[in-house]
Amino acid sequence: MQVSRRVILLGSTGSIGQSTLDVLRHMRDLPELEFELVGLGAGTRGDELLKQAKEFGVRDISLADAEVASGLQFDGTLHAGAGSARDLVESIARPGDLVVAAIVGSAGIDAVMAAIDAGCDIALANKETLVAAGSIVMPRAAERGVHLIPVDSEHNAIYQCLRGCDSDKEIRRIVITASGGPFRGMDQETVRNATPEEALAHPTWDMGQKISIDSASMMNKALEVIEAHWLFGLSSDRIEVIVHPQSIVHSFVEYVDGSVLAQMGPPDMKTPIQYAMTWPHRMEGCSDRMDWESLQSLVFEQLDHDVFPPVKMAHEVIERGGTAGAVFNAANEVAVEAFLNRQILFGGIHDLVREALDGIPAQEVHSLADIEGADAAARALVRERIGELMNRPATMGENK
Ligand code: NDP
Ligand code: MG
């Protein structure tokens with residue numbers, strides 16, 4: 001069987017982007033695959049983007065940072081500025097192409113929408129798109145008949161375990177595994193006062209900065225619960241989380257007859273990336289294999305919701321519906337940035353997200369403009385609170 005596909009990679013300079021390029025390099029050695037990389041998009045790393053374009057012979061690229069872009073010499077089409085990923089997609093995407101969506105944050109939403117409108121399938125890493133705009137993205141994808149294949153390892157695992165399941169009535173619940181992050185087992189006070197260096201040191205996964213902080217705070221798992229709600233159409237009471245520090249079981253599907261299916265493998269994003277790209281086919285992989293000889297046991301624990309409250313907040317966000325997801329996501333994005341800039345304590349991330357959720361009532365979503373409005377309101381509220389906290393002598397949110 002021969003599989004040919006044009007691919008557009010957005011977020012190519014990031015952790016998922018670079019792993020995707022590794023998968024594409026590996027695919028060159030598989031005679032049955034003809035994947036042609038036709039577009040590359042990044043945020044600020046212009047030189048790296050040019051290097052990638054040269055290696056893969058890509059003629060169309062985009063860079064969100066217009067200033068950096070203005071200094072680049074590129075012998076092809078370079079889209080520059082905030083909407084450049086969307087412009088790239090709109091100018092080159094054809095029905096049946098595959099867009100790998102690996103931009104971080106809600107900045108990735110409009111390019112995903114453009115890809116759906118162009119009739120492209122999406123290998124979706126950018127979970128914030130679904131958290132903020134799932135109510136617009138999912139129906140639009142269904143309407144256009146395009147597939148949204150999750151790259152996020154847990155959702156990719158569930159997607160694999162759901163192969164052959166044709167009704168959600170067969171599913172009792174899904175259980176998303178969490179590694180527990182670098183602060184697993186620690187007390188509330190220690191976690192609240194953690195530094196960016198401590199929070200960035202993930203024990204099992206090597207990832208971008210924002211998702212590493214989200215993993216430490218358990219916001220990542222909260223985002224994943226909401227992402228699962230949209231991807232699999234399940235109510236919040238059918239989505240659970242369990243801690244599994246080895247990151248070998250990537251998630252479970254529990255069916256109504258009591259059977260539980262899991263997808264397993266060493267923690268390497270190249271496996272879910274490749275599966276999302278070659279779906280519905282499976283091809284020879286390029287990740288490490290399971291080391292069955294050294295595997296002694298698999299460990300599972302309950303999540304400590306007192307130390308890590310975000311997963312409960314995620315269930316609340318699903319129940320509230322409307323713009324609650326956009327508020328939750330945007331508040332977290334701003335708070336994570338402030339934490340990385342040492343403007344707030346690690347524990348302040350959760351406090352600020354809570355304040356945004358409580359301060360901005362959920363509205364019904366009719367269009368993307370409603371999502372953008374809620375996103376902007378949450379960013380403004382959190383920025384204002386950070387400003388207040390920084391102008392006050394030593395308070396709970398400050399990191400001095
Ligand atoms: P990184 O921070 O490593 O990379 C982010 C990418 O997005 C970079 O290419 C960056 O460009 C680009 N980017 C940032 N802002 C913009 C913008 N405004 N417009 C266009 N491009 C932009 O993140 P990750 O690769 O870790 O994560 C990407 C997404 O995948 C996130 O949504 C994350 O939650 C999800 N994910 C990641 C996993 C992982 O293992 N890393 C696992 C599961 C999901 P530049 O660097 O040039 O500025
Ligand atoms: Mg994940």
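The protein chain exposes about 17,000 Å² (Shrake-Rupley method, 1.4 Å probe), and carbon and sulfur atoms supply 49% of that area. This is a predicted model, in which local features need pLDDT of at least 70, side-chain atom pairs count only at pLDDT 80 or more, and totals for chains, interfaces and linings use all residues. Residues are numbered from 1 along each chain as its sequence is written, chains are lettered from A and ligands numbered from 1 in the order in which they are written, and side-chain values use heavy atoms, with hydrogens and water left out.

**Overall fold**
- Of the 400 residues in the protein chain, 56% are buried, meaning under 20% relative accessible area, with exposed over 50% and partly exposed in between (1.4 Å probe, protein chains only).

**Helix α7**
- Nine of the nine residues of helix α7 (residues 153–161) are buried, so this helix is largely enclosed by the rest of the structure.
- The buried residues of α7, among them His155 and Tyr159, pack against β7 (148–150), β8 (171–178), α11 (219–232), β10 (249–255), β11 (260–264) and α12 (270–278), where contact means heavy atoms within 4.5 Å.

**Strand β11 and the surface**
- Met264 lies in strand β11 and, at 35% relative accessibility, counts as partly exposed.
- Together with Trp292, Leu298 and Phe300, Met264 forms a nonpolar patch on the surface with about 380 Å² of accessible area; patches are made of residues with over 30% relative accessible area and no salt bridge, with like charges joined within 9 Å and nonpolar side chains (Val, Leu, Ile, Met, Phe, Trp, Tyr) within 5 Å, a salt bridge being a side-chain nitrogen of Lys or Arg within 4 Å of a carboxyl oxygen of Asp or Glu.

Notes:
Helices (H or I, at least four residues) and strands (E, at least two) are DSSP runs, numbered from the N terminus.
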